[in-house]
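Please look over the chain shown here.

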Amino acid sequence: MDAESLLLSLELASGSGQGLSPDRRASLLTSLMLVKRDYRYDRVLFWGRILGLVADYYIAQGLSEDQLAPRKTLYRRGRGRKLGNQDPGDVVGSLNCMEWSLLPPATEEMVVQTSVVKGRFMGDPSHEYEHTELQKMSEGEKVFEEEVVVQIKEETRLVSVIDQIDKAVAVIPRGALFKTPFGPIHVNRTFEGLSLSEAKKLSSYFHFREPVELKNKTLLEKADLDPSLDFMDPLEHDIPKGSWSIQMERGNALVVLRSLLWPGLTFFHAPRTKNYGYIYVGTGEKNIDLPFML
């Protein structure tokens, strides 16, 4: 969700239990505006929160003028939780822009390395997970397997999970961005929202990333597409089929999409308005059992 309309966006998403206290909303908004100024981003998005056992990670992303260019991801860690009667979702400590840290870009090696890590995040970026794997060793002509303990930092896992969620379930409505004849992708200032009938269709929503499936379509399949608007992959062809829940709320004044593949990802859009966005609030764990649940 765009930092500039953060308070309204959090209000629209609050029906999914994604709210923050008023003082935390205000401090978060201030810190994100300072991040935008200091890093000179074109836009700053509040991405969401990954819930850890000890503390949570608040995530933000900076976008350049080309909206599909690689995003810069920043995180801010809560100072820790109190035990006892305190709400387990409450993170102690105020948000301060100076405490946002820039994460390195994700790589395929990171994704493969962290795929063996299961369970909840701890909430400490320096925490190391231990994974035992078999590696082939040779001694002369003899080849044998030996158990090796591999250390995986939680910060690396954080980078990998955010990248996977972005590629799988980051959402944007059709028409919110447009592609210029020269290539760059810009925010469509004339976008006035989807109509009520269009807002109810999964085909009206795209993956907010570079297209993958679109490149495999034939020229005949692309004949009815508008190249300035239909340059990303629509959600309607996602596998497994049924991995999105789409609902109308507030008397058809709000459409809400929820991912069943990555529980915690919520997209919202108020039809016939410019108000849209998505937020992730969850444990950072993928629902790998989804194909068997549908």
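## Strand β13

In this predicted model, β13 is mostly covered, with 5 of its 5 residues buried. Buried means under 20% relative accessible area; exposed means over 50%, and partly exposed is in between (1.4 Å probe, protein chains only). L265, F267 and H269 point one way from β13. T266 and F268 point the other way, and all are buried. In a regular strand the side chains alternate between the two faces of the sheet.

Strand names follow DSSP: strands are E runs of at least two residues, helices are H or I runs of at least four, and both are numbered from the N terminus. Residues are numbered from 1 along each chain as its sequence is written.

## Partners of β13

β12 joins β13 through 4 bridges, and the two run antiparallel. Two strands count as paired if DSSP finds at least two bridges between them. R258 has T266 in β13 as its bridge partner. The hairpin of β12 and β13 has 5 residues between the strands, and G264 there takes a positive phi near 115°.

On the β14 side, β13 pairs in the antiparallel sense over 5 bridges. F267 has Y278 in β14 as its bridge partner. This hairpin has 6 residues between its strands. R272 sits in the turn with a positive phi of about 65°.

## The whole sheet

Strands of a sheet pair through backbone hydrogen bonds, either parallel or antiparallel.

## Strand β1

How many of the residues of β1 are buried? The count is 8 of the 8, so β1 is largely enclosed by the rest of the structure. β1 pairs with β2 in the antiparallel sense over 7 bridges. These two strands form a hairpin with 6 residues between them.

β1 also joins β14, through 3 bridges, and here the strands run parallel. G48 takes part in both pairings: it stands opposite I59 in β2, and its bridge partner in β14 is Y280.

Axes are lines fitted to C-alpha atoms, for helices over the stretch in contact, and angles run from 0 to 180 degrees between N-to-C directions.

Helix α1 (residues 6-13) packs against α2 at an angle of about 135°, with the axes 10 Å apart. That makes α1 oblique to α2; angles under 35 degrees count as roughly parallel, over 145 as roughly antiparallel, 65 to 115 as roughly perpendicular and the rest as oblique. L6, L7, L10 and E11 in α1 meet R25, L28, L29 and L32 in α2. Contact means heavy atoms within 4.5 Å.

## Backbone details

A cis peptide bond joins I239 and P240, with omega about 0°. P240 is found in the loop between β10 (205-207) and β11 (244-249).

R40 is not a glycine, yet it has a positive phi of about 60°. R40 lies in the loop between α2 (22-39) and β1 (43-50). R40 is exposed, at 75% relative accessible area. R272 lies in the loop between β13 (265-269) and β14 (276-282). R272 is also exposed, at 56% relative accessibility.

## Confidence

Mean pLDDT of the chain is 84, and 90% of its residues reach 70 or more. pLDDT is the predictor's confidence in each residue, from 0 to 100. Over residues 83-97, pLDDT stays under 50. For that stretch the model has 32 contacts beyond four places in sequence. Where pLDDT is low, the predicted coordinates should not be read in detail.

Methods
This is a predicted model: local features need pLDDT of at least 70, side-chain atom pairs count only at pLDDT 80 or more; totals for chains, interfaces and linings use all residues. Side-chain values use heavy atoms; hydrogens and water are left out.
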